Structure formats: structure tokens, C-alpha cells
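Biologist: Could you put the model up, so that we can go through a few places together?

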Amino acid sequence: MAKNIMIQGTMSNAGKSLLCAGLCRILKQDGYRVAPFKSQNMALNSFITEAGGEMGRAQVVQAEAAGIAPDVRMNPILLKPTTDMGSQVIVNGVAQGNMRAMEYYKCKRQYIPAVMDAYNSLAAENDIIVIEGAGSPAEINLKREDIVNMGLAKMVDAPVLLVGDIDRGGVFAQLYGTVALLEEDEKKRIKGTVVNKFRGDRTILEPGLKILEELCGVPVVGVIPYTHVDIDDEDSLSERFSRDSGRKLVDIAVIRLPRISNFTDFGPFERYENVSLRYVERVADLHDPDMILIPGTKSTIADLRWLRQCGLEAAIQKSAAAGTLIFGICGGYQMLGNSISDPDQVEAAGVTEITGLGLLPMDTVFRGQKVQRQVSGCFQDVPGMLSGLNGISYEGYEIHMGRSAEELPPLTCCKNIYGSYIHGIFDAPEVADVILQAICIQKGIDFEAIGTFDVHQYKEQQYDKLAEAVRGGLDMELVYRIINREV
């Protein structure tokens with residue numbers, strides 16, 4: 001049975017996910033069979049495994065860092081928010097339906113057997129399990145029914161490292177306040193604290209670190225520097241959305257829908273030196289991009305209404321009429337059609353039918369059973385400015401409740417409007433290259449000016465860069481002693 005270590009945080013976005021990914025990479029580098037685990041994840045950024053199960057993207061990243069294939073056992077419960085008060089509940093990769101927050105809170109302990117079965121089967125196949133918590137263990141209103149922080153740590157007998165985010169300020173209060181609110185048996189599980197996202201000279205921190213150790217009764221296991229790595233973010237807290245990106249040689253605008261999901265679909269375009277990828281939520285910020293991307297969403301109808309009300313629908317239609325390349329993925333693809341129907345209130349948006357942007361000749365109807373599968377193949381019969389895709393391989397995955405036709409090609413096209421249900425369709429470097437080449441031809445510029453890269457090699461470099469920063473910031477000798485129960 002595998003040994004384990006758990007990373008908990010003082011708050012959401014303290015850096016738990018990337019720290020777990022860094023540890024997975026380090027342990028892999030040191031010769032261990034390692035797997036990530038998070039019992040319950042709330043995120044709209046999800047992934048479909050080879051077996052057709054749905055899981056959170058954060059554990060996919062951690063699995064890649066560990067050098068293994070993503071598996072729904074790594075994230076047995078996934079909550080995908082559908083409204084401000086409810087989520088779709090996915091257990092072991094399969095959607096169980098929508099629940100309001102209080103309804104799920106009251107019954108979530110019934111999922112403990114599924115969580116433990118997933119954990120135990122992973123533990124039987126690996127040397128070490130790196131476990132990620134969620135939010136904070138000091139959310140005292142939720143502790144009684146906790147199955148993701150200290151509640152899980154007790155169930156799997158895991159030692160805990162508590163991580164605080166110094167970049168937000170108040171890291172000493174974060175860490176000590178969290179420890180102070182824990183029960184005595186929970187405090188004993190914490191074997192050390194970690195200061196994350198530090199910029200500057202560590203010697204300036206030393207007096208505070210010594211006092212923190214005295215107050216918390218455990219050592220500071222490390223100070224991890226603020227590290228710039230290009231690794232998929234977990235969800236809408238992504239810095240991508242607030243990044244100030246000026247317009248470059250090729251300019252791409254992504255519509256930042258209120259319930260945007262799987263925005264990592266567009267990551268490949270960010271890695272070209274002279275391509276700007278901007279997230280836009282106001283007409284005034286759209287300007288005149290070379291391509292407009294409409295992403296996936298967990299609430300297609302609600303986000304289409306928002307698009308209409310804020311004026312972006314009319315702006316997109318105007319750009320389409322002017323010949324701008326428009327590309328929709330999943331929910332964004334559905335929006336481009338003539339209509340969307342939801343007779344059974346699958347999305348619970350309060351309407352049964354809404355007109356689409358009318359840019360693609362199709363109609364979408366929502367059904368109760370979700371489509372979730374990996375797909376692959378070669379593009380064929382692609383017309384228009386992206387005809388260069390023909391013969392190129394693609395692969396990705398589908399996650400959608402809507403049905404737009406009995407059988408759909410990987411890419412639907414009408415003039416300069418394209419759409420697809422496939423998440424990850426841009427990941428193959430040839431696909432992004434062809435799209436950018438087409439834009440360059442349209443603009444009369446040299447494609448070589450924007451640069452290219454090897455996606456797989458680039459990803460591996462980023463995981464190694466993260467591992468180097470984490471290894472350098474942590475006392476890894478102490479971490480191994482904690483894993484081996486010597487502390």
C-alpha cells in the first residue's frame with residue numbers, strides 16, 4: 001500500500017494544485033511510482049479520460065507531471081457549477097445529476113465509499129499518493145461533513161503540509177490562524193507549513209519564520225519562489241483573465257463568458273511569441289481581432305443571453321460579416337447555430353428555447369444523458385480559409401449535453417465561421433500552425449514571424465521547471481521523512 005502526503009491550503013488559489021504537480025514530478029524524477037488524488041474538486045475545467053470518464057483538469061496536470069495517464073480515480077467527485085447555488089455532481093467520471101448546494105452538503109458523506117475505493121485502488125498500484133485538499137481546512141462551518149481536507153486526511157491517515165500564499169499578503173496570519181482554528185487531533189496531522197509564491201530575499205522572512213514555527217509548533221518546510229510556468233490553470237481564478245496583453249502581430253480575442261469552461265483549449269495559441277490571446281467581456285475591449293474564439297460553458301443558454309445583453313453578440317455578428325475568422329468550441333459552437341432548445345430543463349436556465357447567433361446552419365437540443373468521450377481522426381472536407389487542415393490528425397474529447405445532429409464532422413463550417421464539439425482540438429501543433437498560417441495569408445504577413453514550438457517538449461520543460469523551483473524551495477529531506485512517518 002502506498003505512502004502518502006497531503007497538501008492543504010489556507011485558502012483557495014494558495015497554490016496547492018501546482019505544488020502537488022511539482023511534488024509529483026520530483027517523486028517521479030526520484031524513481032517513485034506516484035499518483036495524484038483529490039477526493040472532491042469544484043471546477044468547470046474538466047477532461048475526458050480514454051475510458052470516457054470525466055475528471056478535474058488539475059489532476060490531469062498532476063498525472064502528466066507524474067508521467068502517468070489521467071484516471072477518474074484521481075478525482076472521484078467533481079462538482080461543475082451550473083448556477084450560483086447548484087452544481088452537476090460527477091462521481092467516478094459519471095454525471096449523477098444536478099444538486100443545489102445544501103442538498104449536496106447534506107448527502108455528500110454517502111459518497112465516502114466511492115472516494116475510499118478510488119483511493120485504495122490507486123494506493124495499491126503506486127508507491128506514493130500526493131493528495132490535494134480544497135479551499136481551507138479551517139472552514140469551521142463545513143468541518144462536520146468534510147471529506148476533502150482533514151476529514152479525508154483522517155480517513156487515509158495522511159500527514160499534512162499547510163500552504164499559505166504570501167503574494168496576497170498576510171501569510172503569517174493565514175498559516176497561524178488556520179492552525180489555531182483546528183481541533184487538537186487535526187493540528188497533530190500538520191507536520192509543517194510552506195510559504196508559497198515568495199518574491200525577494202528569504203533572509204528578510206527569517207525572523208517571521210522562526211516566530212511562526214514557535215506559534216504553530218511545526219517547522220517551516222519551505223519557502224517556494226513565485227515561479228512563472230506555463231501549466232494549465234485549474235479554473236476561473238486563472239491569471240490569464242487579468243493579464244494585460246497588448247495586441248501583437250496576430251491578435252486573437254476569446255469571449256470571456258460568465259461560466260466559461262475549458263479555457264485551456266486556447267493555450268496553444270499563447271505560446272507563439274507574436275500572437276496575442278486576449279480575454280474579452282466588453283464590446284469596448286473587442287477592437288478588431290484576427291480571430292474570435294467562443295469557448296465552452298457549463299450554462300450555454302444563460303451565457304448566450306449574457307452575450308446578447310452586453311452587446312457582444314451583435315459585435316461578433318458584425319465581425320463575422322466583415323470576414324473575421326470566428327471559431328466556437330462546445331457551448332460556443334452551439335451558440336453559433338440557429339437555435340438551442342432545452343425542453344427538459346437540463347440546464348435549469350428557465351427557458352425552453354432561445355435563438356442562436358445564426359452563423360452556422362444547425363439547431364441544438366439538450367438531452368439528459370451527457371456525451372463524454374475521447375475522439376481522434378483526420379480532418380477531411382474542411383472548406384474555406386482552414387482547408388489546410390485536411391489530412392491533419394486531431395485528437396481531444398467531448399463533454400456536452402446538447403445534440404446538434406445525429407452525426408457531426410469534427411469541424412462544421414459556413415464561410416469564415418467554424419465550430420466543433422472537440423475540446424483540445426488545437427493541441428496538435430499542426431492544427432494551430434494551419435490556423436495561424438491562414439490568418440497570416442489573409443493579413444499578408446510572414447508566418448515565420450510568429451514562431452513555432454514542440455508542444456510535448458515544451459510541456460515537459462515546464463513540469464521540470466516547476467519541479468526545480470519546488471525542490472529548491474522545500475527541505476526535501478524533511479519532506480521524505482514526513483512521507484516515511486519519521487516525523
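Biologist: Which residues make the nonpolar surface patch?
Modeller: Tyr 176, Ile 211 and Leu 215 make that patch, of about 280 Å²; patches take residues with over 30% relative accessible area and no salt bridge, joining like charges within 9 Å and nonpolar side chains (Val, Leu, Ile, Met, Phe, Trp, Tyr) within 5 Å. This is a predicted model, where local features need pLDDT of at least 70 and side-chain atom pairs pLDDT 80 or more, while totals for chains, interfaces and linings use all residues. Residues are numbered from 1 along each chain as its sequence is written, and side-chain values use heavy atoms, without hydrogens and water.

Biologist: And is Gly 93 buried or exposed?
Modeller: Gly 93 counts as buried, at 1% relative accessibility (buried is under 20%, exposed over 50%, partly exposed in between, with a 1.4 Å probe and protein chains only).

Biologist: What does Gly 93 touch?
Modeller: Leaving out residues up to four places away in sequence, Gly 93 touches Gly 52, Gly 53, Glu 54, Val 72 and Gln 372, a contact being heavy atoms within 4.5 Å.

Biologist: Changing topic, how many salt bridges are there?
Modeller: The structure holds 31, each a side-chain nitrogen of Lys or Arg within 4 Å of a carboxyl oxygen of Asp or Glu. One of them joins Asp 30 and Arg 471, at 3.0 Å from N to O.

Biologist: Where do Asp 30 and Arg 471 lie?
Modeller: Asp 30 is in the loop between α1 (16-29) and β2 (34-37) and Arg 471 in helix α15 (residues 455-473), so the pair ties together parts 441 residues apart in sequence; helices (H or I, at least four residues) and strands (E, at least two) are DSSP runs, numbered from the N terminus.

Conventions
Areas by Shrake-Rupley, 256 points an atom, 1.4 Å probe, with all protein chains shown as cover.
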